[in-house]
Amino acid sequence: MVHLIDRRPNAKGKSAVNRERFLRRYKAQIQDAVKKMIGERKLADMEQGGEVRIPRKDISEPTFTFGRGGDREIVLPGNREYIAGDRIPRPEGQGGRGGNASEGGEGESHDEFVFSLSREEFMQIFFDDLELPNLARTELGRTERHKSVRAGYTKWGAPANLSVKRTLTQSLARRIALSASLAQQQRDVQAEFEMAAAIGHASHAAALHERIEHLERRRGGLPFLDETDLRYRNRVLRPEPIARAAMFCLMDVSASMDEDKKDLAKRFFTLLYLFLTRKYVEVDLVFIRHTDDAEEVDEDTFFHDTRSGGTVVLSALELAEKIRADRYSNGWNVYAAQASDGDAFGADPARSARFLREQFLPRARYYTYLELTAPHAQDRASSLWAEYQRVQELAGNFAMRRAAHREQIYPVFRDLFKKDTVSTS
Amino acid sequence: MSGDRAALQSTPISHGADWDFELLDQYHAAIAKVAAEFGLDTYPNQIEIITSEQMLDAYATTGLPIGYPHWSYGKEFIRNEQAYRRGMQGLAYEIVINSSPCIAYLMEENTMATQALVMAHACYGHNSFFKGNHLFRQWTDAESILDYLVFARRFVMECEERKGSEAVEQVLDACHALMPHGVDRYRRPAPLTLKAETARLKAREEHRERSFNDLWRTIPELAAKVKEKPDEVFPVEPQENILYFVEKYSPKLEPWERELVRIVRKLAQYFYPQGQTKVMNEGWATFWHYTILNRLHEKGLVDDGFMVEFLKSHTNVVAQPAYDSPAYSGLNPYALGFAMFSDLRRVCEKPDAEDREWFPDIAGSDWQKTLDFAMRNFKDESFIAQFLSPRLIREFHLFAVADYKAEDTLLVDSIHDDRGYRRVRKLLSQQHAQEIRVPDVQVVRYDRQGDRSLTLRHVRRRGRPLTNACAQVVAHLRRLWGFTVRLETWEDDVKLGSVVECSA
């Protein structure tokens with residue numbers, strides 16, 4: 001008699017332990033990949049998982065197998081044109097006959113093992129040297145709702161999501177692009193052919209005619225649809241805004257802020273962002289960079305574009321306040337994080353501190369200042385630091401710390417938000 | 001087949017795509033009845049319904065319900081999951097395990113028609129093949145495999161606790177590299193049981209007592225026996241089961257490592273028949289789901305909608321794209337196997353002149369007996385050599401291409417014509433032979449008296465070299481062996497220059 005067993009309620013993650021082992025074994029490669037991703041990513045995307053590529057040869061499991069060469073016979077199905085004794089040119093690679101433009105791309109993906117890290121795995125690796133404990137999620141997050149919304153197109157997807165229109169657009173574009181030069185050549189040869197035919201140069205004309213036909217065949221041989229053309233509709237779950245926060249990132253981008261310092265700043269901003277996303281369902285980001293003049297920029301420019309000039313902090317604060325008043329005056333929790341090396345001159349530090357204390361802080365939930373110091377110059381206090389210290393004494397929602405190394409970022413962050421975590425969780 | 005329409009029931013069991021457990025039971029009963037009519041002998045069945053995630057899990061461990069943890073299974077899992085999520089690969093409708101009871105996994109997403117197809121395919125097709133085919137009977141023990149898997153998993157995990165997972169992983173990696181060379185292809189004599197051993201000793205003793213003659217004592221003794229020659233070669237005969245040799249003779253393996261080697265070897269042995277009967281096994285199962293479901297339709301137990309859906313799945317499964325089609329990925333074992341068993345039935349039932357010439361002893365015979373005989377006594381290699389008919393060679397348009405190193409172009413060796421049939425059949429049969437797929441590497445020398453090094457010999461045939469990965473395999477073997485390991489290459493009894501060596 002048959003036993004019917006419903007195994008569906010059983011745990012599904014039977015392979016989780018094996019997957020985890022795989023990640024552990026290739027930790028070094030994965031860490032490298034994650035490091036690269038961090039550099040390329042936007043803050044808001046930081047929390048998602050990511051695609052990691054590992055060279056296939058690094059993870060192959062060797063066995064004794066036959067390589068190329070030697071003599072052998074292969075039996076294949078579907079013979080249409082050959083009879084015994086025919087000679088066939090040896091195909092290049094394994095693609096067989098009729099290789100086309102897409103082969104290069106395919107070959108690449110065969111050499112790499114691509115897989116996705118989940119959000120948790122990505123964060124774990126990202127914070128590996130930061131020792132992130134679980135941040136408490138506040139009550140606010142409880143009532144969040146998600147809505148499935150269209151989010152453009154992706155190259156991969158389930159067949160049901162295939163976007164025929166997009167795919168055909170891609171296909172058309174590819175075919176036009178690939179056949180343009182052929183068409184041009186064909187026109188040229190055609191003209192030459194007519195010329196040759198007109199002056200009665202028969203053998204030349206015949207050769208040209210053959211060439212025309214060859215080009216015709218090549219144009220005809222372009223595949224109508226190629227794998228690279230496929231586009232799928234993409235949908236993502238977007239939270240419905242319930243509690244909103246605006247996060248202002250202020251950074252000094254004067255020449256003294258080198259790439260290392262910017263990297264530190266990015267990690268700091270990321271942490272703040274993550275912290276906020278745990279408390280608020282929707283977080284808006286505002287990036288303000290300043291030298292002696294402040295401007296609002298997009299994230300890419302913010303982190304990667306260098307400028308030269310002096311440092312006037314006040315300009316950034318004024319701009320932040322203006323943006324806050326314009327866009328985030330109603331129903332927004334405003335947070336701001338400032339990163340700088342503290343090299344401000346003249347009257348600027350004192351004026352900035354006053355502006356901060358009198359204008360910005362009263363309307364903000366929290367303001368953090370991170371001073372990035374050179375690794376071996378810990379004790380030298382900057383002029384901005386001195387001024388800000390007085391602000392800290394007076395205002396309850398202001399915090400400041402210094403950091404020189406990556407490992408210091410997280411402790412600094414925790415310090416900064418200790419009070420806040422306690423009061424809201 | 002009996003045509004007594006009167007006995008046939010005429011109300012379909014169900015309509016539509018939805019299934020529930022009650023319906024599964026009813027369909028199963030109907031299928032079981034038809035299978036019994038056809039005389040299929042099976043292990044008891046156990047059907048488990050799983051989700052697609054669980055199917056991905058099952059994929060990673062080659063279908064085994066219990067496996068020991070290892071990163072390579074994680075890699076396999078990630079690869080399948082990725083392909084599935086991106087829509088590049090669908091999942092199998094079922095996985096079936098050669099065990100008793102025979103466990104078949106069915107996906108919950110399947111429609112009723114698919115579930116019925118899968119039950120006929122796995123629970124009666126594969127199941128009867130596992131029970132009947134000589135390779136499975138000889139090499140696997142369906143009764144005990146599940147218990148052994150439980151033991152293996154527990155043992156590996158205990159080792160990890162005591163020795164650290166990295167040490168265990170190293171041993172397993174090395175064993176996996178040698179897995180294809182961890183099977184016995186010929187049976188060893190079974191070790192004597194204690195009882196038989198004592199009985200034999202006793203018999204010898206008695207014989208000695210009976211034939212005792214004191215006179216022998218008076219004969220002067222010969223000079224002391226010549227000592228064993230120091231350069232005696234060990235093992236006396238080359239050993240093809242490298243993992244077995246390591247397990248028995250490795251000078252450095254600790255007992256737990258030895259047990260790990262044994263576990264991997266046992267698993268390799270368990271999977272050994274599957275690799276050699278892919279075409280037959282899938283062909284047999286496909287033939288029977290096709291036959292059984294058609295019979296259900298004849299009986300009126302399933303409606304036409306069911307049949308249309310079933311036939312759609314069926315034709316997808318047995319499609320064979322041509323060699324130059326983008327969809328081509330080798331000969332489809334389902335297509336070839338199904339075609340061969342169906343053709344065999346045709347030869348039995350409606351033979352033509354060609355069949356009588358090619359298969360004089362089975363043309364016109366009882367098809368059920370002939371198919372049963374074929375299923376029990378062959379493997380892919382011999383099955384193709386014996387039963388591939390010229391008609392199928394024509395239908396598949398099979399042709400053989402020769403790839404010779406010395407020539408710039410490929411040569412079409414033979415095609416589906418009178419001159420080519422036998423040659424194509426022979427080559428296709430060889431293509432399915434174990435020796436063609438797994439290189440011949442054997443242990444030829446263990447220097448017991450000297451530096452304890454181990455020498456392997458790759459016997460190269462027709463100039464086909466090993467890939468460069470062989471150096472890594474040798475390194476893995478050295479880790480197990482503990483002393484120098486070298487790999488020589490021979491062809492036609494001549495040693496070739498290059499030796500891969502990994503010294504201690």
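This is a predicted model: local features need pLDDT of at least 70, side-chain atom pairs count only at pLDDT 80 or more; totals for chains, interfaces and linings use all residues.
Chain B contains 20 helices and nine strands, and its C-alpha trace extends over about 90 × 60 × 55 Å when taken along the principal axes. Of the 504 residues in this chain, 40% count as buried. Among the contacts in chain B whose partners have a separation of 6 or more, 71% are made by residues 24 or more positions apart.

The contact between the two chains draws on 55 residues from chain A and 75 residues from chain B. On the side of chain A that touches chain B, at least two residues each come from strand 1 (3-6), helix 1 (16-25), strand 3 (72-76), strand 4 (87-89) and strand 5 (112-117) of chain A, and helix 1 of chain A gives the most, with six residues. When the residues on this side of chain A are sorted by class, 23 are nonpolar, 15 are polar and 17 are charged. Strand pairing also links the two chains, for strand 1 of chain A is joined by four bridges to strand 1 of chain B (residues 45-50), and these two strands run parallel. Within strand 1 of chain B, the residue opposite His3(A) is Gln46(B).

In general, the strands of a sheet pair through backbone hydrogen bonds, and the pairing may be either parallel or antiparallel. Chain B holds an open sheet of four strands in the order 6-7-8-9, in which the pairing is mixed. Strand 6 (441-446) and strand 9 (494-502) of chain B form the edges of this sheet, each of them pairing on one side only. Neighbouring strands in the sheet are turned against each other by 25° on average, with direction ignored. Strand 8 of chain B (residues 485-491) runs antiparallel to strand 9 of chain B, and six bridges join the two. Arg486(B) has Glu501(B), in strand 9 of chain B, as its bridge partner.

Elsewhere in the chain, Arg137(B) is located in helix 5 of chain B, which covers residues 134-139. Although Arg137(B) and Arg376(B) are 239 residues apart along the chain, their C-alpha atoms are separated by 9.4 Å in the model.

Technical notes. Residues are numbered from 1 along each chain as its sequence is written. Chains are lettered from A and ligands numbered from 1 in the order in which they are written. Two strands pair if DSSP finds at least two bridges between them. Axes are lines fitted to C-alpha atoms, for helices over the stretch in contact, and angles run from 0 to 180 degrees between N-to-C directions. Two residues are in contact if their C-beta atoms, placed from the backbone, lie within 7 Å. Ala, Val, Leu, Ile, Met, Phe, Trp, Tyr, Cys and Pro count as nonpolar, Asp, Glu, Lys and Arg as charged, and the others, Gly among them, as polar. A residue is buried if 20 or more other C-beta atoms lie within 10 Å of its own, exposed if 12 or fewer, and partly exposed in between; C-beta atoms are placed from the backbone.
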